[in-house]
Structure formats: structure tokens, C-alpha cells
Amino acid sequence: MIKSLTAAALAALLATSAQAEPTHVMVRAQALDAKFIGDHMGGVRVTLTDARTGAVLAKGLTKGGTGDTPRIMKAPRVRGADLADAATSGFLATLDIKQPTLVRALAEGPAGHPGAAVKISSSLWILPGRDITGDGWVLTFPGLVIEPTTAPAADGALRITAKVSLMCGCPIEPGGVWDAKNYDVQAVLLRRGRVVAAAPLAYAGQPSQFAGLLPNAPPGRYTLRLVATDRTTPNAGVIEQAVKIPARH
């Protein structure tokens with residue numbers, strides 16, 4: 001009798017699993033040691049595939065805000081409590097699956113800053129009809145976004161300014177949640193792969209703004225490399241761009 005009941009229950013389970021059920025999966029992208037990547041940074045592109053077959057199950061862009069700063073960065077974390085709210089950036093995917101599926105997420109961003117974008121991959125078993133909501137499937141994005149500008153200065157020096165922020169666009173400033181004293185920013189001038197000059201950039205008085213001078217270099221074409229690091233986390237950013245130092249008259 002018990003065996004027949006077990007067999008019947010198993011048959012019912014298999015019959016149920018053979019029917020596709022819309023399954024909702026919330027995917028969010030969170031900057032390492034910071035908030036969620038939202039509209040301000042262009043969001044994050046997400047593609048969900050069947051890890052076994054490679055078939056695309058859903059794709060989209062995370063949309064919304066970066067989330068509540070006190071809740072995410074200041075309040076003690078309570079196990080099981082959501083960090084996100086209804087306005088927090090995310091991509092709500094609807095999967096049409098008939099059986100337990102190992103789903104692979106490939107996410108790239110921030111989409112609005114391709115020079116700083118990184119790709120993140122993760123896998124998760126998803127069951128038909130078992131929605132993943134709330135914070136959902138959170139993908140962590142390490143790194144720093146660097147946006148440089150250059151201008152000639154007196155005596156042939158090169159003035160460098162750079163906006164440096166977390167992947168969520170969160171600001172760096174003295175005494176802030178992301179304290180400027182914990183960040184090092186350096187400018188390096190290279191020619192044919194060799195270092196010609198280097199100088200640190202100091203906090204410039206406005207959130208996320210750093211500035212400094214590269215000393216006199218001969219006229220010509222160079223590669224400018226900016227490197228930013230956080231002393232307290234693995235976060236780092238690197239960007240390179242071509243620069244030209246004009247001849248002096």
C-alpha cells in the first residue's frame with residue numbers, strides 16, 4: 001500500500017514537472033561594498049540561459065534606483081531581511097521552464113560606462129513555479145569607475161582631473177560612507193609602453209573629484225593610464241586614453 005502511494009505521488013510529481021510554469025526571477029546587480037547599480041549608471045545587461053543547453057531563457061536591463069543608503073550601508077544586517085525595496089534597481093525575468101533547470105546568469109555593466117564595465121557570471125538551480133523575489137538573485141560587481149579629463153598646464157605640465165566613483169555611482173568624499181582617505185588615485189604617462197612620468201591625484205574638494213599635475217614631458221603622443229584603488233576592499237579601476245602634448249612655442 002505504501003509503495004503504491006509512493007509511486008502514485010512520484011507519478012503526480014513527474015506529471016506536474018512536465019508542465020511549463022511561468023517562474024519569476026528577480027536579478028539585481030550590487031556594487032561591491034556599495035549599493036545597487038541603477039539608472040544613473042545605465043543599469044546592467046542581464047542574460048539568463050539554460051546552463052545545459054545554452055538556450056536563452058530571458059534577457060533585459062536592470063532598472064531603478066540605487067536603494068536606501070541607511071538600510072544598505074549603515075543599519076546592522078538582519079539575516080533574511082531584504083536590502084532592496086520596490087524602487088531598487090533590478091531585472092524581473094519570467095522563465096518558462098518545465099523542470100528544475102540550472103540557470104546561468106551573465107551580467108555586464110555598468111552599461112552607461114563601457115570603459116569600466118565588467119562581466120559577472122553565476123549559476124543557480126531554478127524550479128518551475130518557485131519564484132525568486134525580494135532581493136532575489138544578487139550579482140556582485142567589484143570595481144571603480146574613472147572618468148578622466150586633461151588640459152595643458154604651465155611649463156608643459158599636464159593637468160589631470162578624474163571623477164572616481166563606485167560601480168553604482170556612489171560618491172567618494174572625506175568622512176563619507178566611502179571615505180576619500182581610503183582611496184588612492186595615480187596618473188601614469190606612458191610612451192611605447194615605458195613610464196615617462198607619474199603623479200598621485202589628490203581629492204579636489206568636490207565629491208568623487210581628484211586632480212593633480214604630471215610633470216613636464218617632451219611634446220608627442222602618449223598613453224595616459226589612471227589607476228584607482230580602495231585600501232579597504234578589492235575594488236580597483238583602470239582606464240587608459242591617448243593624449244597629445246603639444247610643442248611649446
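**Briefing: a disulfide and an open sheet**

C170 counts as buried, at 5% relative accessibility, where buried means under 20% relative accessible area with a 1.4 Å probe and protein chains only. The model is predicted, so local features need pLDDT of at least 70 and side-chain atom pairs count only at pLDDT 80 or more, while totals for chains, interfaces and linings use all residues. Residues are numbered from 1 along each chain as its sequence is written, and side-chain values use heavy atoms, with hydrogens and water left out.

**Disulfide**

- C170 is joined to C168 by a disulfide with an S to S distance of 2.3 Å; the criterion is a pair of cysteine sulfur atoms within 2.5 Å.
- The link of C168 and C170 is left-handed, with -130 degrees about the S-S bond.
- C168 is buried as well, its relative accessible area being 1%.

**Sheet**

- Four strands form an open sheet in the order 3-2-5-6, with antiparallel pairing; strands are DSSP runs (E, at least two residues) numbered from the N terminus, and two of them pair if DSSP finds at least two bridges between them.
- Strand 3 (56–61) and strand 6 (118–126) stand at the edges with a single partner strand each, so one side of each has no neighbour in the sheet.
- On average, neighbouring strands of this sheet are turned by 15 degrees against each other, direction ignored; the axes are lines fitted to C-alpha atoms.
- Strand 5 (residues 101–109) pairs with strand 6 in the antiparallel sense over 9 bridges.
- L102 has W125, in strand 6, as its bridge partner.

Technical notes
Axes are lines fitted to C-alpha atoms, for helices over the stretch in contact, and angles run from 0 to 180 degrees between N-to-C directions. Buried means under 20% relative accessible area, exposed over 50%, partly exposed in between (1.4 Å probe, protein chains only).
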